[in-house]
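Student: I am new to this structure, and I would like to understand how the words used to describe it follow from the values. Could we look at it together and go through them one at a time?

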Amino acid sequence: EALEQFEAVVKLEANNRGFSVELQKQLKDIAQLKIAFIKFELTTNGQKLKTIYPYIKKIPAASNVHDAALLVLSWSALKDNDIDTARIYVDSLLRTYPASDYYYEAKTLLGNIQVLDPTLSDKDRELLAVDAYNYVAGATEAKYLADQFVAERDSSLKVLQQLSEARTIAR
């Protein structure tokens, strides 16, 4: 049912006066991406990239979901055991969208691709994969520390606010 709903959105003409043409294009891009995600899940390995590509290719590079489109292309190629194509898409995502919400998943995927790459020596596969995984692990640790800092800052601000209120009452 969800697949049918997204396919209906894709077929809509961009003439709804309640929404800007740009917003309608974004909605169609999101619908194309959702169709690709659903098709990815429904399709057996070996056929994933061929099945989702017709939907993903309609998402322009300027779209705000293009990074996610590259990620699903890379995952599809990997599931189809097409290591070179998977690497091309994940490298494109990492180079083009360094601030992407999918960056760390892409780095982890790159590590998976490197582990499976038959053109690399065992040592290179291990070193490159560990490097990609360490990048993600280091970023996770940095996020944990930043979250702790924000919690401590918020706690300090709350105490300062309470002190300020106490001074006001004491006057």
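Student: At what angle do α2 and α4 pack, and how far apart are their axes?

Tutor: In this predicted model, the angle at which α2 and α4 pack is about 20°, and their axes are 10 Å apart.

Student: What makes α2 roughly parallel to α4?

Tutor: An angle has to be under 35 degrees to count as roughly parallel, and the angle here is about 20°, so α2 is roughly parallel to α4. The crossing of these two helices, α2 and α4, is left-handed.

Student: Which residues make the contact of α2 with α4?

Tutor: From α2 come L33, F37 and F40, while α4 brings A68, A69, V72, W75, S76 and K79. Sorted by kind, the residues of this contact of α2 with α4 are 7 nonpolar, 1 polar and 1 charged.

Student: Why is α3 called roughly antiparallel to α4?

Tutor: The two helices α3 and α4 pack at an angle of about 165°, with 8 Å between their axes. Roughly antiparallel is the term for angles over 145 degrees, and therefore α3 counts as roughly antiparallel to α4. Their contact joins K48, L49, I52, Y53 and I56 of α3 to A69, V72, L73, S76, A77 and K79 of α4, and the residues involved divide into 8 nonpolar, 1 polar and 2 charged.

Student: How do you know that α5 is roughly antiparallel to α6?

Tutor: The axes of α5, residues 83-96, and α6, residues 103-116, come within 10 Å and cross at roughly 150°. Since the term roughly antiparallel applies over 145 degrees, that angle makes α5 roughly antiparallel to α6. The crossing of α5 and α6 is left-handed, and the residues that meet include V90 and L94 in α5 and L110 and I113 in α6.

Student: Which residues touch the most other members of the largest nonpolar core?

Tutor: This core has 31 residues, and those that touch the most other members are L33, I52, I56, L73, V90 and I113. Two or more residues are given to the core by each of α2 (21-42), α3 (48-56), α4 (66-79), α5 and α6, and α4 provides the largest share, 8 residues. L33, with residues up to four places away in sequence left out of the count, touches I56, I59, V65, A68, A69 and V72.

Student: Why is S63 called buried?

Tutor: The place of S63 is in the loop between α3 and α4. A residue is buried when its relative accessible area is under 20%, and S63 has 8%, so S63 is buried. Between the C-alpha atoms of S63 and A170, which are 107 residues apart in sequence, there are 57 Å in space.

Student: What makes P118 count as exposed?

Tutor: P118 belongs to the loop between α6 and α7 (122-170). The word exposed requires a relative accessible area over 50%, and P118 is at 63%, so P118 counts as exposed. With neighbours within four places in sequence set aside, P118 is in contact with I83 and R125. The C-alpha atom of P118 is separated by 48 Å from that of E152, 34 residues apart along the chain.

Terms used:
Residues numbered from 1 in each chain as written. Predicted model: local features only at pLDDT ≥ 70, side-chain atom pairs only at ≥ 80, totals over all residues. Heavy atoms only, no water. Axes fitted to C-alpha atoms, helices over the stretch in contact; angles between N-to-C directions. Helix = DSSP H or I, 4+ residues; strand = E, 2+ residues; numbered from the N terminus. Parallel < 35°, antiparallel > 145°, perpendicular 65-115°, else oblique. Left-handed = near helix turned anticlockwise from the far one by under 90°. Contact = heavy atoms within 4.5 Å. Core = buried A, V, L, I, M, F, W, Y, C linked by side-chain atoms within 4.5 Å. Buried < 20%, exposed > 50% of the residue type's maximum accessible area, 1.4 Å probe, protein only. Nonpolar A, V, L, I, M, F, W, Y, C, P; charged D, E, K, R; others polar.
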